Amino acid sequence: MTASAAVSATANTTRAARRPAGQRHRGMPRWLWHALVVIVVLIIVYPVVWMLGTSFKPAAEVVSSTRPWPVSPTLHNYPQGWTGNPGVTFGRFFLNSAIVSIAAVVGNLFACSLAAFAFARLRFRARRFLFPIVVVTLLLPYHVLIVPQYAIFKDLGWVNTFWPLIVPKFLATDAFFIFLMVQFMRGIPHELDEAAKLDGCGPYRTYWHIVLPLARPALITSAIFTFIWTWNDFFSQLIYLNDTSKFTAPVGLSLFVDQAGFSSYGPMMAMAVLSVVPVFLFFLAFQRLLVEGVATSGLKG
Amino acid sequence: MKVPVAHGRGHRRTLLGVAAVFAAASLVAAGCSSGGSDSSDGKVTLNFSWWGDDTRAKVTQDAIDLFVKQHPTITVKTQYAPFGPYGTKLATQVSGGNAPDLFQIDRSYQSQYAGEGVLADLGKYGSALKLDGIDANFLASGKFDNKQIAVPFGQTTQVIVVDTTKLQQLGVTAPQPTWTWQDLQTWGEQVHSKSGGKVSGMADPGGTWGAFQSWQYQHGKQMYADGKPAFTQADLESFWNFTLGMSKSGAATPANVTATINGVPADEPLAKGLATAEWDYDSVFASYVGATKDQLAILPLPSVDGKTGMFAAPSMLLSVSSRSKHPTEAAELLNFLVNDSAAAGALGTGRGLFPNTQVRATLAGSATGPAKQVYEYEASVQSSMIPSPPAPPKGDSDLLAAMTRIYQGVTAGQQSVSAGAKAFMQQAQSSITS
């Protein structure tokens, strides 16, 4: 999956950095390599450039011109998008998204790491049986889960609050991250636990003082992906939030799509640009930690 | 007046989400009570849910404010989402036992909901909900098993939009409102030859499900009977043979232009100047006007033996949940939204023409611009319209896209008309299951 790809990609960069420069791509001329990379980057970046360009285009230009950059740029889309919905600004949507996403990150880091620690380090009855069950929940499509979940949260009176979006994260329901952390924790030498045990640490202190610090790369990966996925999650936020004042950024963005398939593309793209910024910053800030984590983890010497 | 209609062209609405959620619902034990809070002082809170954008949000809220002023004991909480997500959310809420008291419903899933028994019978509210102000032919669109389970919340009708400016430039006279398909063919060829082959008479309607629907009614046939397709391969072949003939002679657009028809007026051949006429619903007429500088006129569909096969189509309908705790109050709100002149003033024409006939006539007098054209058009064709057919069976919405896709193959010469019609019938048999 994407998360593990990111981990291995970082590992590759670290490894590559140790290699002498110039030997990276034997047998392929450097310019060819660069040309290929540039082409691929252009293809990948094109939608982002289009989004950015469209956010500065006046309404008439959005549909009529195919070029990604605006001919007569305007800043008008930004204030228009910000105040586009009656009675609530886009700032409110961002705030709501931030609350939900940050709470989800905290919840996932806490609950998934605790669950993963149990599966990776503790011996308890039915462990071999329970872990596969956790992993199998990954195979359940969201559409199957949503109605029973909705019924439960409705009975709890939590519909139209943030709780259905946050509380499950504190109950270790994201099996993917549990799996990721279990795999990572299995790689941490058992001798460390044993040494801690000899020094009088119980399971909680071993978790907190030994395993958790060493599992930092896995934690950071989980944090990044939880944040991005929650920030971009549309479906569950749409289902559980009813009041416009409780809407998050993705649900708010969808309001720009009007009923005939005609959309206020300019303001929508302007707000889309703004909603990409936090994800970008979050990734930028944590990516550094991710590299550091890989570089410093494990036993030295 | 931009309102999509389920039977319009190319509104690519995936109902997969809705279907998936309903399937999932069967996993949950039914019998959850409906939401809605009730306080001891006799105050009632209604949940009203609808799809639309922020413009519609403003006018809807205005109308609700007026209602609440008249009914101080009722509070109305609204929720809205764009069309696609709305369908998914509504399905989840209904399955999860938390259906809104009053909600907008689309023709494409109306039968499915009615079949599940989640829509209240609206015929039994007496004076709380008066339905006699709405034309009976039009009201029929909200019936299921002879019960009124929905009330249309806006009217729209089939139309041919014509670019009169372009016709003047080409020196071709505009067609008469009483035209036949044969007239259309001759007229289209004239446009084609006068423009030196650059402009076609009409955007090819062969891939448009709604156009075929009208064709059937013009020939005195039905689309569905007992929840099964009543159209045959031969019906489809006769329609396609005609449209393909038009396309080949230049009366209708060639295959490569027809392939670009997608239901968004601004992208259509008419707006691009590639055709002088276009099949659509009058609710999107204003969008066509906004998409071109040319003068546009509206004409009835070409007829067969004097029959146009046109009917008043609901752009959307309103239903009350059968599990609502306050069905009478919900019915009162519904009554206000479809009958009250104050509501009509607040709502405008964004959902199509107002359901109540009398109120509509008053509004027509003060309308201007494209809205005036639509009011005049609707008044002129009112007497020739057939009763609105009942909501199509589940799966009908799949055929919309299938029609476009298969006809594209036919116009491109990949498939013969009969092979295409056969493939379509197979699709229809598997989509329409109930």
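**Exercise 1. Describe how helices H5(A) and H9(A) pack.**

H5(A) passes H9(A) in a right-handed crossing, that is, with the near helix turned clockwise from the far one by less than a right angle. The model is predicted: local features need pLDDT of at least 70, side-chain atom pairs count only at pLDDT 80 or more, and totals for chains, interfaces and linings use all residues. Residues are numbered from 1 along each chain as its sequence is written, with chains lettered from A and ligands numbered from 1 in the order in which they are written.

Step 1. Locate the helices. H5 covers residues 90–121 of chain A and H9 residues 175–186. Helices are DSSP runs (H or I, at least four residues), numbered from the N terminus.

Step 2. Take the geometry. The axes come within 8 Å and cross at roughly 50°. Axes are lines fitted to C-alpha atoms over the stretch in contact, and angles run from 0 to 180 degrees between N-to-C directions.

Step 3. Classify. H5(A) and H9(A) are therefore oblique to each other. Angles under 35 degrees count as roughly parallel, over 145 as roughly antiparallel, 65 to 115 as roughly perpendicular and the rest as oblique.

**Exercise 2. State which residues of H5(A) and H9(A) make the contact, and their classes**.

Step 1. Contact means C-beta atoms, placed from the backbone, within 7 Å. H5(A) contributes residues including A:Asn108, A:Cys112 and A:Phe119. Among those from H9(A) are A:Phe177, A:Met181 and A:Arg186.

Step 2. Sort by class: 11 nonpolar, 2 polar and 2 charged. Ala, Val, Leu, Ile, Met, Phe, Trp, Tyr, Cys and Pro count as nonpolar, Asp, Glu, Lys and Arg as charged, and the others, Gly among them, as polar.

How values were computed. Helix = DSSP H or I, 4+ residues; strand = E, 2+ residues; numbered from the N terminus. Contact = placed C-beta atoms within 7 Å.
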